[in-house]
Amino acid sequence: MLVTISARHGALATATQELLESKASKLTRFYDRITSIVVTVDLKNETAPEVEIKVTAEEAPDLVAKDVGN
């Protein structure tokens with residue numbers, strides 16, 4: 001499984017990237033046919049970053065989740 005972490009309008013600290021990758025990797029507990037996970041963090045508004053997670057799995061449509069921090 002491939003986990004990709006990227007940021008828009010800024011850069012993420014290495015510790016933050018590692019945390020996001022470890023959390024995203026836990027999704028295989030729910031579905032073992034996941035082939036890739038793409039996490040994108042938009043830092044345009046630093047006080048409320050937007051996070052989007054796109055999960056690609058075998059024989060299933062892509063799953064997308066978005067949230068905004070406070």
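Lys and Arg count here as positive, Asp and Glu as negative, while His and the chain ends are left out. Keep that in mind for the charge stop below.

**Whole chain.** Start with everything selected. This is a predicted model. Its C-alpha atoms fill a box of roughly 35 × 20 × 15 Å along the principal axes. The chain has 70 residues, and 20% of them are buried.

Switch to a cartoon view. Look for one helix and four strands. Trace them from the N terminus: the order is β-α-β-β-β.

**Charges.** Now select Lys, Arg, Asp and Glu. The chain carries 8 positive and 11 negative charges. The mean position of the positive set lies 2 Å from that of the negative set.

**Contacts.** Next, consider pairs of residues in contact that sit at least 6 apart in sequence. Of these contacts, 36% join residues at least 24 apart.

**Strand β2.** Select residues 34-42. This is strand β2, and serine 36 is found in it. Zoom in on that serine. Is serine 36 buried or exposed? Its relative accessibility is 16%, so serine 36 counts as buried; the cut-off for buried is under 20%.

**Around serine 36.** Keep serine 36 in view and show what touches it. Which residues are in contact with serine 36, leaving aside neighbours within four places in sequence? Select Met1 and Leu2, then Lys54, Val55 and Thr56: these are its contacts beyond those neighbours.

Key:
Residues numbered from 1 in each chain as written. Predicted model: local features only at pLDDT ≥ 70, side-chain atom pairs only at ≥ 80, totals over all residues. Heavy atoms only, no water. Helix = DSSP H or I, 4+ residues; strand = E, 2+ residues; numbered from the N terminus. Buried < 20%, exposed > 50% of the residue type's maximum accessible area, 1.4 Å probe, protein only. Contact = heavy atoms within 4.5 Å. Charge placed at Lys NZ, Arg CZ, Asp CG, Glu CD.
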